[in-house]
Each structure stands twice: as structure tokens, then as C-alpha cells.
Amino acid sequence: MQAGVLVVSDMSHDTFVIPTLEVITAARQIAAKEGGTVTVLILGHRLSKTIQNRITQCGADRLLYIDDPVLANFNMDSLLLNVQVIAEEMSPKTILIPQSLPCHEIAPRLASRLDGAAVTLVSGIETDDTDIAWRRPCYGGKIMEVVTFSTTPVVATIAPKSFEPATKNEPRSTTVEQRTARTPPTASQLTTIKRTEIDSRFERLENADVIVAGGRGVGGASGFDTLRDIAASLGGAVGATRVACDLGWCAPDLQVGLSGRTVAPQLYLAIGISGASHHLAGCANSKVIVAVNNDPEAEIFTVAHLGVVADCLKILPLLSERLKKRTATIKT
């Protein structure tokens, strides 16, 4: 008998809990319809008790955690096996996972192992008396589709910022259980060569209130150095288009868009970005979009709240210098 919703917690960082809280909101919506419970699974090493406490206060009926060195680094074989064991034990109708690394890589593999269905980049859930329908972008983000499944379990990845993070709710009796990690029977073919921590000066993209994003118009890696100065002055993060990442001007994990990260900051500065649909799918929910582009017909201006038709290579140094002076004045 299948029952309840299983939420797999974000695993990209030990202190990164917001995506999990967003997924819990989606899980509670489904549980309210089906009358089931919400179980949250956390995997990692040296897990923070603060995170566990926050999750138990924000809508989880049951919390399972696996804390083991085998889960310290990204290893698909270990992560997938441990999620699979819990899913087979629970037999849930629905499994929700944040659309973030490495979580979204688990979803299709898990669905295959469980003989279920997978749906990615879910931005909304619709429920009626018989079905749960999943809303997601398709055709490069140009349209939205709504899909349903007759197969269970459904393994769905939830796009960032699609749901409000769950907050502290009414007193709830949450069961907390520690489980033992399972080790794959065969040696993994994956080896961690290097792990680089994110520059502490900058906010993680999904959390940032301000994002300064650059595209082809920035001109090169040196242009992104200027974007970093601007982001540092604003206390924000740096983002990029797929082209800029593919050209090696910045790290791939800065990519905003359908095949990158979905963000919704208070302010999104789009510098030298034309506005391809797959990029707009990742930033269209920003509260205020300011675009700088020398092409007045650029697609980015159709979503921008404020547009500047100008050469961004001339604008960037002026903006950077003005912000540095402003920051210096505030500090004094």
C-alpha cells in the first residue's frame, strides 16, 4: 500500500536548507489532498543539528537521516542506493527532490529503479479529486505543459523559487530516526578529484537578493571580474548565461536558465544578455529586472522593468566605480 510523500533533502551544502523547505511546501500540498504524511530524508556527513531541528519545525511528520563519511562527497552510486533503500521501504506514491545538484541527477535514475515515472523542473502542482497534475516548462521555456501519470511512484524535481519555503507551523509530533548508510556492492567508477568552496564574499545564487548576470556582451573573463566587483558592492551574487559559461568566462555553476539555475532575486541585473527563452525561464520571476544591452530589439527588454540601451563595456566601469565610492562612503 503506497502512502505519503517522501522528500529528499538538498545535498549541495550542509547549511543549504531553503530548497528543502520549498519542497516541503509542495509535499504538504500533496499530503493535504491524499491524507498522507510527509517524510524528509537527509543524507550527508557531519549533518547540522540546526538543519534537522528547522526541518522538523516546518512541516515534516517524520525525519530520517543518514550521516556517514561515504556520503561526504558527491557520489551518485552511494547517494542513489541509500535513497532507493528508503523509497523501497516506504513505498510512497510521490517522491519530491529539489532541482539542484546533485539531487536532480538522482531523480530519473531513481524512477527507473522503482519502475516509476519522472518529471523535472516542476513549477506548480494542480490537484483535483482524482489526479495530481504537474506543471513544467517545455520548448526551451516558451510554453508550460501540465502532465499526469498513471504510474507510481512519481519522482518529481521542484524548480527553485516555485514554492514559498515552509515556515514554523502548529506544534507537530515529528519522529526522528537515524539510519545506517548502505555501501554499493561494487566499487564506484566515480572519483572526487577536487572540491572547491564557493567564494564566501558572494551569496549562493538561489539565496541572493541581488544577482549581477553577464552574457556574451560582457566581452570576456575580464568583464566578469567587473561583475564580481559590482556584486560584492551590492552584497549579491554573480550569474551568467549558458554562452558565457560555455566560453569559459566563468564557472558552469553560475549559469542561470532552463539548463542551469532558477532564481528569483529582488534585483536582477542583466548585463550584455540578449534574452534567449531558456535563460529567461531561469530569471523571469525576479522582482525587478534591469537590462543593459546595445540592441534595442533584444528580447531581454520584453521582460525588463528598466532597460538601458548602451554598450555595457562602457557602462560597467562607471557603475563599478560609483558603487565602490558609495560603499566607501557608507563605511566611513
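The questions and answers below concern a predicted model.

Reader: Which residues of the largest nonpolar core touch the most other members?
Author: In soluble globular proteins, nonpolar side chains tend to be buried together. Within this core of 31 residues, those that touch the most other members are Val 7, Val 40, Ile 42, Ile 55, Leu 96, Ile 125 and Trp 134.

Reader: Leaving aside neighbours within four places in sequence, what is Val 40 in contact with?
Author: Val 40 is one of the residues that touch the most other members of the largest nonpolar core. With its neighbours within four places in sequence left aside, Val 40 is in contact with Val 7, Ser 9, Thr 20, Ile 24, Ile 55, Ala 60, Arg 62, Leu 63 and Leu 64.

Reader: How many residues are in the second, separate core?
Author: This core includes Met 11, Leu 79, Ala 87 and Ile 95. Its number of residues is 25.

Reader: What distance does H1 reach from its first C-alpha to its last?
Author: H1 has 17 residues, for which 24 Å is expected at 1.5 Å a residue. Its buried residues include Leu 21, Ile 24, Ala 27 and Ala 31. Just after H1, Gly 35 takes a positive phi of about 75°.

Reader: Which helix gives the most to the lining of the second largest pocket?
Author: The second largest pocket has a volume of about 330 Å³. It is lined by 19 residues, of which Ser 123, Pro 137, Met 144, Ala 281 and Asn 285 are the closest to its centre. By class, the lining has 11 nonpolar, seven polar and one charged residues. Five residues of this lining come from the helix that gives the most, H7 (residues 277-283).

Reader: How much space lies in the largest cavity?
Author: The structure holds one cavity of 30 Å³ or more. The largest cavity is lined by Pro 19, Glu 22, Val 23, Pro 98, Ile 158, Ala 159 and Pro 160, and H1 gives the most to this lining, with three residues. The lining has six nonpolar residues, no polar and one charged. The space in the largest cavity is about 30 Å³.

Terms used
Residues numbered from 1 in each chain as written. Predicted model: local features only at pLDDT ≥ 70, side-chain atom pairs only at ≥ 80, totals over all residues. Heavy atoms only, no water. 1 Å grid on protein atoms, 1.4 Å probe; cavity = no way out; pocket = protein on both sides within 12 Å on 5 of 7 lines; lining within 4 Å. Points joined across faces, edges and corners; volume = space filled by probe spheres on them. Helix = DSSP H or I, 4+ residues; strand = E, 2+ residues; numbered from the N terminus. Nonpolar A, V, L, I, M, F, W, Y, C, P; charged D, E, K, R; others polar. Core = buried A, V, L, I, M, F, W, Y, C linked by side-chain atoms within 4.5 Å. Buried < 20%, exposed > 50% of the residue type's maximum accessible area, 1.4 Å probe, protein only. Contact = heavy atoms within 4.5 Å. Expected span 1.5 Å × (residues − 1).
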